[in-house]
Amino acid sequence: MKKHHHILSIFFFLVGLALLYKLIQKVGTEEILTTFHKLDWQVLYILILPTSWYSVQTLAWYRVLYFDGQKVSFWRLFLAKIAGEAVNTVTPLGFAGGDPVRIYLLQMDTSKTASTSSVVIDRTMQTLGIVLMFLTTLIMAWLYLPLPRQWRTLLPLITIGFVLLCWGL
């Protein structure tokens, strides 16, 4: 299994390098360097925000595995998370593309059952976080924004409808 994994890792690394080369060739090295030069130190903000977001998500996933008695390094989970999210970004399947990648990568350290269940729990926690943020945004908009009268009536109905939809009523 490890030899098969090693060969696949090398293959996909080379595919990634080839795609990166084609992208750089299409956009142009000069254009990329000019953009980085314009961004200057601001590029750090672009890198820090998603890195912190993925780090917190990885920590939650790590805790799920830890409470299940699985010993997987944070760094390994972080790399699996990034790989899964990269696949989510480039495929039209969304979560259906990247989550199987995370399950596959995690199977090197845990059982198939533990890796699958941890990814499902992790994705559920992430979805719940998004739902809570959406509901909070709706409530805050209703409370603090100077909305037209129609919206002041419609926003609570949308919020209630969304909650009912989430609970499957």
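Visitor: In which helix do glutamate 85 and lysine 81 both lie?

Guide: The two positions are four residues apart, about one turn of the helix, where a helix is a DSSP run of H or I covering at least four residues, numbered from the N terminus. This is a predicted model, in which local features need pLDDT of at least 70 and side-chain atom pairs count only at pLDDT 80 or more, while totals for chains, interfaces and linings use all residues. Residues are numbered from 1 along each chain as its sequence is written, and side-chain values use heavy atoms, with hydrogens and water left out. Glutamate 85 and lysine 81 both lie in helix α4.

Visitor: At what N to O distance do the side chains of glutamate 85 and lysine 81 meet in a salt bridge?

Guide: A salt bridge here is a side-chain nitrogen of Lys or Arg within 4 Å of a carboxyl oxygen of Asp or Glu. The side chains of glutamate 85 and lysine 81 meet that rule, with an N to O distance of 3.9 Å.

Visitor: What is the relative accessible area of glutamate 85?

Guide: Leaving aside neighbours within four places in sequence, glutamate 85 is in contact (heavy atoms within 4.5 Å) with Tyr54, Arg123 and Gln126. With a 1.4 Å probe and protein chains only, buried means under 20% relative accessible area, exposed over 50%, and partly exposed in between. Glutamate 85 therefore counts as buried, its relative accessible area being 10%.

Visitor: Which residues are linked in a network of salt bridges?

Guide: The count by this rule comes to seven salt bridges. Those linked in a network join Lys81, Glu85, Asp99, Arg102, Asp122 and Arg123.

Visitor: How many residues apart are aspartate 122 and arginine 102?

Guide: Aspartate 122 forms a salt bridge with arginine 102, and their closest N and O atoms are 2.7 Å apart. The pair links distant parts of the chain, since aspartate 122 is in helix α6 and arginine 102 in helix α5, at a separation of 20 residues.

Visitor: Which element gives the most to the lining of the largest pocket?

Guide: On a 1 Å grid over the protein atoms alone, a pocket is an open set of points where a 1.4 Å probe fits, with protein on both sides within 12 Å along at least five of seven lines, and lining residues have an atom within 4 Å of a point. The lining holds 22 residues, of which Phe12, Phe13, Ala83, Val87 and Val101 lie nearest the centre. Two or more lining residues come from each of α1 (2-27), α4 (74-90) and α5 (95-106). With 11 residues, the element that gives the most is α1.

Visitor: Which residues make up the largest nonpolar core?

Guide: A nonpolar core is a set of buried Ala, Val, Leu, Ile, Met, Phe, Trp, Tyr and Cys residues joined through side-chain atoms within 4.5 Å. The largest such core has eight residues, namely Trp61, Leu65, Val72, Leu77, Ala80, Ile103, Leu106 and Val119. At least two residues of this core come from each of α3 (43-67), α4 and α5. The residues asked for are thus Trp61, Leu65, Val72, Leu77, Ala80, Ile103, Leu106 and Val119.

Visitor: Near what value is phi of aspartate 40?

Guide: Aspartate 40 lies in the loop between α2 (29-39) and α3, and is exposed with a relative accessible area of 52%. Most residues other than glycine have a negative phi. Aspartate 40 has a positive phi, near 55°.
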